[in-house]
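Trainee: I am new to this structure. Could you pick one part and take me through it closely?

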Amino acid sequence: MSPRVHELREADLVACGLAPDIAAAWVPALIACRAERGAAGCWQELIREKLTPEVPFAVHRQLFAWVYADRAEEDGPAPAWLPDDDALTAAPIAALMKAHGFSDVLALWRWSIAEPAAFWNEVIDRLGIVFVRRGPVLAPGQNPEAARWLPEATLNIVASCFQAPPETPAIVAGAPGEPETVLSYGALEALTAQVAQALRAWGFRPGDAIAIDMPMNVESVGIYLGIVSAGMAVVSIADSMAPGEVATRLRIAEAKALFTVGHVLRAGKPLALYEKVTHANPPPTVVLAAQGLTLRPDDMTWDAFLALAPAPTKLVVEPAAAAAPLNILFSSGTTGEPKAIPWTHVTPLKAAADAAYHLDVRPGSVVAWPTNLGWMMGPWLIFATLLNRATMALYADAPTGRDFGRFVQDARVNVLGLVPSIVKAWRADDRMIGFDWSALRCFGSTGEASNPEDYLYLMMLAHYRPVIEYCGGTEIGGGYITGTVALPAAPATFTMPALGTRFVLLDEEERETTNGEVYLVPPLLGASDRLLNRDHHEIYFAGTPRGPGGEPLRRHGDQLEALPGGAYRAHGRVDDTMNLGGIKVSSAEIERVLDGVPGVGRTAAVAVSPAGGGPSLLVIYAVAAPEQSPELLKPKLQDALKAELNPLFRIAELVLVEALPVTASNKIMRRELRARYASTPRG
């Protein structure tokens with residue numbers, strides 16, 4: 001954050017953009033307020049009475065630094081938000097604490113890990129999960145590495161997604177310049193039933209894999225739920241992926257059909273998705289918005305697909321074992337091919353519990369989290385909202401423009417999830433100033449390391465509502481470290497482990513530390529126990545140290561710092577994967593693409609943290625032909641990433657070198673490159 005400001009002067013506030021007469025009135029009053037009420041009390045009065053989003057952010061930043069200038073380091077990061085009466089009484093986590101007689105949220109967490117079966121039974125009962133057969137929540141006396149959750153259960157999680165009254169809004173959808181539309185729980189259930197019946201009529205059976213490569217909208221949610229309700233498994237593919245990446249995912253999952261759209265909207269411009277997808281040679285494909293397109297012989301329009309089950313039917317779900325796959329998602333590892341991770345009918349319990357207890361998703365809440373079904377937060381959003389009888393708010397374009405801010409305002413969004421890159425774009429020109437976001441109870445943040453100043457700015461946009469940091473992964477179905485509205489919120493920090501989840505931080509010599517690599521302590525509900533195309537034990541458990549109780553630890557790959565006062569801060573990845581714009585990708589995947597560009601000998605992709613923290617930057621080190629220069633080569637490399645991997649990946653800097661540092665076995669030493677970059681002066 002900003003340097004400490006020990007003296008509050010009118011001239012400094014005027015220099016930050018505050019009117020001189022206002023500065024003259026504020027300074028003596030604030031000095032008296034801090035003396036009387038202390039730092040936290042003074043800050044609360046400031047954000048309640050004076051610091052609106054219309055006041056220049058430089059003033060907010062200056063006053064935040066001044067108010068907390070004398071805060072002791074051992075007290076940890078300064079809070080920009082303190083729990084209010086609503087959070088302490090109406091939030092789901094407050095109700096859970098009261099039910100079990102806990103006044104301390106960390107005591108609640110300790111109970112959740114000491115008594116996992118009791119905690120998850122509580123979650124199941126609160127959500128009203130519908131079973132054909134239930135049985136125990138956790139098989140006793142087993143290897144924690146291969147924990148079996150709900151081992152005797154038979155269910156289909158979609159049956160639990162429609163317990164809100166039929167007229168309750170399930171989805172509110174918006175698009176640039178268009179009025180919002182609302183789909184009720186009853187209408188979404190009818191669409192789900194029709195999709196399931198049409199899939200059966202088309203000849204598919206339980207266990208088949210059906211892919212979705214389209215934006216997250218009303219239809220894609222209905223398609224997703226229809227596939228799962230029919231006992232089939234969704235294959236998740238992001239609509240930004242290049243054809244080669246689409247083909248890889250279709251092949252690994254053995255997808256038998258695909259749903260896509262003719263075009264997608266990006267920054268107001270339509271981009272041809274069906275045309276791109278056909279280059280992946282997909283299986284028979286259903287195409288929405290197919291007007292003007294010439295389809296392949298085995299493909300069909302959305303209307304033709306729905307005509308396979310023309311009459312609205314009652315939703316009939318296919319019962320399945322709790323461990324049966326419902327969704328195949330992909331996550332980058334340290335090799336070129338992505339890991340194929342099956343989510344089961346148990347995994348949604350993790351998403352729904354995290355949403356309720358950490359992100360304050362209540363029945364009737366409106367939740368917006370710009371994402372895609374190709375990434376875990378897409379399926380997460382479906383289950384986080386529907387299992388909690390809430391409403392998902394879906395926007396049809398990029399969430400970077402003012403139209404999105406207006407959508408958040410008009411939809412009366414209560415929980416808004418973001419990645420830090422979006423916030424940085426908003427802050428660049430104050431584009432979200434002026435909207436009424438008073439319905440917001442909190443923000444969520446995931447996908448990247450965040451920057452404290454950017455997140456103080458974000459909190460300001462909603463008159464200082466908290467940001468709940470949320471970090472986890474596709475392979476654990478949710479988060480392992482997060483926050484809660486029951487604890488103060490300091491920008492860009494986590495405040496507690498997720499309920500039901502434990503982790504330890506170890507240094508390179510496998511000793512416990514306050515700043516090190518994250519290892520998860522099993523058993524963890526929601527965590528994967530298999531991969532379709534890798535050895536699960538080798539990826540997550542082989543060679544890991546033992547935990548505090550002698551149990552095997554699960555490798556995760558994040559670096560986390562435990563701060564004074566009980567908070568945590570994320571420092572990105574310790575392995576050869578990175579998060580770019582909230583998308584997890586491996587160095588190997590990027591290098592595979594760039595090594596094929598003419599004029600390039602060999603490349604190394606590393607993620608580096610910008611000064612002051614925040615989203616990682618992609619830096620490429622390359623050995624290149626003598627005639628190449630960074631100015632000539634960088635656009636070629638960027639074009640290759642766009643065409644073959646993902647147009648959302650941006651190269652921040654290209655560094656040409658004579659040779660890359662390698663081990664004796666010729667493996668690139670990327671950690672050395674990151675250290676080299678950090679130690680190189682920049683203008």
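**From a loop cysteine to the aromatic rings**

Mentor: Start with Cys-16. Beyond the neighbours within four places in sequence, Cys-16 is in contact (heavy atoms within 4.5 Å) with Pro-56, Ala-58, Val-59 and Gln-62. A word on the source: this is a predicted model, in which local features need pLDDT of at least 70, side-chain atom pairs count only at pLDDT 80 or more, and totals for chains, interfaces and linings use all residues. Residues are numbered from 1 along each chain as its sequence is written, and side-chain values use heavy atoms, with hydrogens and water left out.

Cys-16 sits in the loop between α1 (10-15) and α2 (20-49). Helices (H or I, at least four residues) and strands (E, at least two) are DSSP runs, numbered from the N terminus. Cys-16 counts as buried because its relative accessibility is 19%. Buried means under 20% relative accessible area, exposed over 50%, and partly exposed in between (1.4 Å probe, protein chains only).

Now move along the chain. Trp-380 is 364 residues from Cys-16 in sequence, and their C-alpha atoms are 41 Å apart. That brings us to the rings. There are 24 aromatic pairs in the structure. Rings of Phe, Tyr and Trp (its six-membered ring) pair if their centres lie within 6.5 Å; planes under 30 degrees apart count as stacked, over 60 as edge-to-face and the rest as tilted.

Take Trp-369 and Trp-380. Their ring centres are 5.3 Å apart and their planes stand at 65 degrees, so this pair is edge-to-face. Trp-369 is in the loop between β14 (366-368) and α14 (377-386), while Trp-380 is in helix α14, so the pair ties together parts eleven residues apart in sequence. Trp-369 counts as buried, with 4% relative accessibility. Trp-380 is buried too, at 1%.

Next come Phe-404 and Phe-407. Their planes make 40 degrees and their centres are 6.4 Å apart, so this pair is tilted. Both lie in helix α15 (residues 402-410), three residues apart, about one turn of the helix. Phe-404 and Phe-407 are both buried. They belong to one aromatic cluster, together with Tyr-395, Trp-426, Trp-437 and Phe-443.

Finally, rings can sit under a charge. The test: NZ of Lys or CZ of Arg is within 6 Å of the ring centre and within 35 degrees of the ring normal. The charged end of Arg-34 sits over the ring of Trp-66, 4.2 Å from its centre. Arg-554 places its charged end over the ring of Tyr-540, 4.2 Å from the centre.
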